[in-house]
Amino acid sequence: MSRFLVLLAAASSVIADTKTFNWDITWVNAAPDGYTRPVIGVNNQWPCPTLEANVGDEIIVNVKNSLGNQSTGLHWHGQWQKGTPHMDGTPQVAQCPIPDGESFTYKYTAAQSGTHWWHSHAEAQYPDGIRAPMIVHDRSYEGPLGVAKQFVMTVSDWYHEQDPWIVHKLLTNSGGPPPEVDASLMNDKQSDTFQVQPGKKYLFRFLSISAFLAHSIKIDGHDMTITALDGVPCNPKTVDSLIIAPGQRYDVVIQTKRSTNRNYAIHSKLMGTRFSNTGVLSYNPRNAAPGGLPDPIVLLDDMSITPKDGQKRLPPSDHKITMDVTYRDLPGNMRRIYLGNDTYLKADVPTLYTALTTGNAALNPIVYGSAVNPSVIRSGETVDIIVNNKDEFAHPMHLHGHVFQVLARGPGDWNGDESQFPETPMKRDTVTTIPGGHLVIRFTADNPGAWLFHCHMEWHVAAGMVATIIESPDLLQQARPYIPGDHYAICRDKRIPTQGNCAGKTRNVLDTRDCHNEPEYSDTWGALEVEDVPGGSGGGHKSRGRGRRGRA
Ligand SMILES: [Cu+2]
């Protein structure tokens with residue numbers, strides 16, 4: 001018995017691989033909808049590469065920032081970073097921003113299998129192109145699906161202007177009407193063809209890498225059986241169409257027909273706009289191109305989907321965090337979103353570093369600064385986050401470091417009545433609120449780190465719709481995750497302090513008078529500093545350099 005286990009362990013250590021990627025982050029021109037503009041790519045290419053691995057692989061991504069005008073930081077959406085919270089890629093939270101010209105290595109285990117993605121987490125940057133799928137294979141999930149082949153299909157909105165400028169206009173009262181979307185993309189193109197054979201099953205991995213708007217997806221003549229939400233395998237649920245919000249993923253299996261005499265349209269519609277894409281489910285390339293409009297979509301209530309592992313509702317929570325979503329116009333021509341008490345502003349010290357360096361005070365949310373909307377949770381607690389959404393948007397809310405159970409979603413503020421909570425709740429990592437409604441999610445504090453909870457509409461992130469969950473700072477201090485030297489080097493490079501409270505104060509850390517509390521106009525700008533973009537051939541407005549404190 002014991003020898004058998006040893007052999008198994010040896011076998012799995014052979015299977016687990018190290019996957020190394022060398023990514024030079026660069027501006028490059030691209031025209032996914034026929035309009036040429038500068039986009040952010042990797043190694044002078046765009047679309048950015050899909051990161052593909054097997055569950056348990058060690059991922060090493062050597063990043064060089066060659067943008068020339070913006071800092072960056074890469075987040076691995078769907079990877080919990082257990083034991084490596086410093087690899088979460090969130091500038092001024094898990095690390096300092098990677099300045100122009102500097103290098104930085106991400107190294108972590110791809111522990112969460114499924115359909116995920118990676119993207120810049122420097123605000124207002126990923127919609128300029130730096131986002132792509134991250135697929136982590138797991139035979140124990142994929143094998144039983146019995147599919148002949150897998151396809152990845154991303155959907156996104158697309159803009160001709162660069163995002164920092166869009167955000168700038170959106171968040172100032174004088175900016176005029178909201179920016180208009182210029183196109184919808186399917187796999188970063190206008191259309192894509194998925195070649196199939198008759199009488200087989202296929203897995204489609206749908207991802208929304210949108211900046212702002214959701215898509216509906218429907219395949220003519222074929223039901224879709226959902227098999228995973230945000231990488232979490234679920235009990236099969238057959239639907240006719242689905243709606244996917246920014247940050248979300250749906251795995252679906254389709255069964256192809258016996259006849260090959262026609263091809264079918266895959267409709268991806270950018271909701272609330274005139275833009276859509278028509279992909280081709282191709283049985284035979286010689287068949288006529290499919291077209292037409294999809295039938296009206298049938299709304300899917302994802303709350304009805306249960307996880308494959310059958311996990312029951314977690315025990316009643318020890319710790320409830322309630323956040324109201326409100327828009328406020330502030331003096332100085334600013335429009336900000338408040339998530340809870342405050343509108344998010346970056347701390348001077350990355351929040352994880354504050355958690356590691358302020359001793360017992362790290363258990364007191366005050367040290368992180370009210371402007372990061374901090375909540376400190378303790379190891380083993382069951383935590384409820386309650387969002388009361390006071391405005392007319394359906395916000396896709398994403399929590400880093402976890403998946404969560406979704407216990408309630410409905411109109412109005414949450415009334416506290418837990419009697420209708422589902423026995424076996426849906427689990428995912430990005431869930432949409434309803435306009436003017438509430439959302440209740442629950443998770444266990446089992447992953448020490450500094451995790452953002454935010455809307456995945458990127459412009460809402462820039463407007464401050466972000467909160468910080470500081471999880472088990474006492475355990476972080478005991479465990480002392482090893483933080484490599486290159487993390488500190490990029491801080492030194494820009495004179496960003498790496499210890500102390502939100503203002504970098506290492507004594508009297510509860511004195512936070514010097515921490516940011518007032519939104520500054522320039523805070524609405526993207527990755528700290530934006531200047532003229534080299535090589536722009538049609539990129540619209542050239543952004544002006546207005547970085548906060550001149551960090552690049
Ligand atoms: Cu939002």
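Student: Before we start, what should I know about the numbering and the model?

Tutor: Residues are numbered from 1 along each chain as its sequence is written, and side-chain values use heavy atoms, with hydrogens and water left out. This is a predicted model, where local features need pLDDT of at least 70, side-chain atom pairs count only at pLDDT 80 or more, and totals for chains, interfaces and linings use all residues.

Student: How many helices and strands does the protein have?

Tutor: Helices (H or I, at least four residues) and strands (E, at least two) are DSSP runs, numbered from the N terminus. Here the protein has seven helices and 30 strands.

Student: And what share of the residues count as buried?

Tutor: Buried means under 20% relative accessible area, exposed over 50%, and partly exposed in between, using a 1.4 Å probe and protein chains only. Of the 552 residues, 59% count as buried. As for surface, accessible areas come from the Shrake-Rupley method with a 1.4 Å probe, and for residues only the protein chains shown count as cover. The protein exposes about 20900 Å², with carbon and sulfur atoms supplying 50% of it.

Student: Which residues are the protein donors of the copper ion?

Tutor: Donors are N, O and S atoms within 2.8 Å of the metal (3.2 Å for Na, K and Ca); water is not among the atoms, so sites may look incomplete. The copper ion has His395 (ND1), Cys455 (SG) and His460 (ND1) as its protein donors, lying 2.0 to 2.1 Å from it. Along the chain their spacing reads H-x59-C-x4-H. Cysteine 455 and histidine 460 are both buried.

Student: Now the sheets. What is the order of strands in the open sheet of four?

Tutor: Two strands pair if DSSP finds at least two bridges between them. The order is β2-β1-β4-β6, and the pairing is mixed. For angles, axes are lines fitted to C-alpha atoms, for helices over the stretch in contact, and angles run from 0 to 180 degrees between N-to-C directions. Neighbouring strands of this sheet are turned by 20 degrees against each other on average, direction ignored. Strand β1 (residues 18-30) runs antiparallel to β2, joined by six bridges, and isoleucine 25 has valine 42 in β2 as its bridge partner.

Student: Where do side chains point in a strand?

Tutor: In a regular strand the side chains alternate between the two faces of the sheet.

Student: What is the order in the open sheet of five strands?

Tutor: That one goes β22-β30-β29-β24-β27, again with mixed pairing. Its edges are β22 (374-377) and β27 (430-432); each has a single partner strand, so one side of each is left without a neighbour in the sheet. Inside this sheet, β29 (residues 449-455) and β30 (residues 466-471) run antiparallel with six bridges, and alanine 450 is bridged to isoleucine 470 in β30.

Student: How many residues lie between β20 and β21 in their hairpin?

Tutor: Three residues, and glycine 332 in that turn has a positive phi of about 85 degrees. Six bridges join β20 to β21, which run antiparallel, with leucine 330 opposite methionine 334 in β21. Strand β20 (residues 319-330) also pairs with strand β23 (residues 382-389), in the parallel sense over seven bridges.

Student: Is arginine 336 buried or exposed?

Tutor: Arginine 336 has a relative accessible area of 1%, so it counts as buried. This residue lies in strand β21 (residues 334-339). Its side chain reaches the backbone oxygen of tyrosine 344 at 2.8 Å. A polar contact is a pair of N or O atoms within 3.5 Å; within protein, one must be able to donate a hydrogen and the other to accept it, and residues adjacent in sequence count only if both atoms are side-chain atoms.

Student: What about leucine 74: buried or exposed?

Tutor: Leucine 74 counts as buried because its relative accessibility is 0%. Leucine 74 lies in strand β5 (residues 74-77). Leaving aside neighbours within four places in sequence, its contacts include Trp23, Ile25, Val63 and Trp118. β5 pairs with β7 in the antiparallel sense over four bridges, and in strand β7 (residues 114-120) seven of the seven residues are buried.

Definitions and conventions. Contact = heavy atoms within 4.5 Å.
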